[in-house]
Every structure is written in structure tokens, then in C-alpha cells.
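Open the model in your viewer and keep the selection tool at hand. This tour goes from the whole chain to single side chains.

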Amino acid sequence: MVSKSYYDDLDALSDRICEVLIETVKKNRRAAICFATGSSPLLGYRKFVKEVIDNNIDVSGITIIKLDEWCGLDMTNTATCEHFLQQEIIKPLAIRKIKYISFNSKAVDFEEECEKIKSKIEALPCIDLTILGIGKNGHIGLNEPGEFVVPEIHVTDLDAKTKTHSMLYNTSNVSKGITIGFKDILSSKKILFIVTGPEKRIAYEQFLSLNVTTQNPSTFLKLHNNVECIVDNNIS
Ligand code: F6R
């Protein structure tokens, strides 16, 4: 089941992101949370971090999972999902290395990297919350539109629209990504699905109107029974 709420501005929507994160870490001090990066959740993450620090909330037991990564960039490159999460979540909350599951953007062998992350996720009791944005092409994580979706963690060829992602503005030659697949996304107890930005309007309209289709991977979220979809009204 997908519940939908509409917000007048990004600030109000980000308050909800913060609220869901706080609820999750308070309910389960050992929660595992899978984080998308990018502009959609950013302000919500900042509010969450502030709330945790201001109220001295114990997050030492939570596990953070990085949803996806661009392949081939150095881990320190400011375009990486790694850099984003280090700056916004890992460092400010002092998350220990052992509590952080993260793809290496410069793995020597990406198939091996997929296996490594798979076994770390399998060792968790569950994923309590997955936070997702939507791509201009309807992608979820880096599960791109195409003839099929790959259920497992996998390496993907980036779609032409994804290559224009704002995170990649200052990079060249990024053509592949590594991502959690729908098997893990749909096994998450709850999904918070964030839709912001006018460039997402068509993908979101398709999400609303289409049946489940590999042409718009976001439609796969309709198979989950606990998706909270939060939408910034400014998309239209
Ligand atoms: C990034 C990710 C992507 C983004 C999507 C929207 O980790 O998983 O699927 O969520 O491309 O990106 P923004 O929020 O930057 O518009």
C-alpha cells in the first residue's frame, strides 16, 4: 500500500523526513536504515542530524546502508554518494565503520563488491527503513528503466538521463552505477519515497497512472505494503 501526502514546500516535506527517521531510531535503537543521496532528502537529513545532536538521541546502535554509488570515481570525489553520506550523516553522527555498509566506488572487482555488500545485508535482522528519491526517468536507487529489473544488488549501465544527474555535473565518463536491487528495497519494513523537483513530474505521473512496469522502476514500489510517498507540490 502506498500512502501519499503532499507538502507546500521543501521545508515542510523535510520535516516529515526528519520525523520518520527520528521515529525509526527511537523505536529500534539497532535499526538498519538504507539512505538515498541527492537533493531530495538532503534538507531532511540535515534536520535529522540536528535533532539527534540537539536532543542527544543515541544512534550508536543503528546501521547505515548506502543505497547506491557511481562507479569509477575516487571515494573522496565530492560527486560520490560516499562523500554525500560522509558529510551529511556518517561524520556528524559519528557512525562507526562497523555500522556502515557502503559500496566502494572504485572497487577493483564490482561483482565481488556486490557479493560483499549482499552478505553484509543478509547478516542484518532486517532493513527497517529505506529512504528513496525518484529519478527523472523513474529510476529508484540506480535501478534504471529497461527491459527488466535486476532483483539483486548489481552493477548497471546508466541511462542517458541519469548521466545528467546533478551529482555528476563536475565529472566525466561516469557510465555505470552499483545499486541495491528491488529484492532488498521491497524487503524493507518501511519505505519513505520522496518526490521533489519539477523535473520529476512526468516520472511521478507515470508512477501514479501505470501498472508495475520496468519502463518506470518506481512503479515496483506499488508491490510493497508500507510505502509513505511524500510529494513537494512544486513538482507541477
Ligand atoms: C541517489 C539515488 C537516486 C536519486 C534520484 C533523485 O542515491 O538513489 O535514485 O534518489 O536520482 O535524485 P535527486 O534527489 O538528486 O533529484
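Predicted model: local features only at pLDDT ≥ 70, side-chain atom pairs only at ≥ 80, totals over all residues.

**Whole chain.** The chain has 6 helices and 10 strands. Its C-alpha trace spans about 45 × 45 × 35 Å along the principal axes. A compact globule of 236 residues would have a radius of gyration near 18 Å, and the 16 Å of the chain agrees with that. Of the 236 residues, 54% count as buried.

**Helix 1.** Select residues 10-27, which form helix 1, and show R16 and E19. The two are 3 residues apart, about one turn of the helix. They form a salt bridge, with the closest N and O atoms 2.5 Å apart. Is R16 buried or exposed? R16 is buried, because its relative accessible area is 15% and the cut-off for buried is under 20%. E19 is partly exposed at 42%.

**Two strands.** Select K176 and D157. Their salt bridge has its closest N and O atoms 2.5 Å apart. K176 lies in strand 8 and D157 in strand 7, so the pair ties together parts that are 19 residues apart in sequence. K176 is partly exposed at 36%, while D157 is exposed at 53%.

**Surface patch.** Finally, select D109, E111, E112, E115 and E152, which form a negative surface patch. Among them, E115 lies in helix 4 (residues 110-122) and is partly exposed, with a relative accessible area of 48%.

Conventions:
Residues numbered from 1 in each chain as written. Heavy atoms only, no water. Patch = residues over 30% accessible without salt bridge, like charges linked within 9 Å, V, L, I, M, F, W, Y side chains within 5 Å. Areas by Shrake-Rupley, 256 points an atom, 1.4 Å probe, with all protein chains shown as cover. Salt bridge = Lys/Arg side-chain N within 4 Å of Asp/Glu carboxyl O. Lys, Arg positive; Asp, Glu negative; His and termini not counted. Charge placed at Lys NZ, Arg CZ, Asp CG, Glu CD. Helix = DSSP H or I, 4+ residues; strand = E, 2+ residues; numbered from the N terminus. Buried < 20%, exposed > 50% of the residue type's maximum accessible area, 1.4 Å probe, protein only. Rg over C-alpha atoms; globule rule 2.2 N^0.38 Å.
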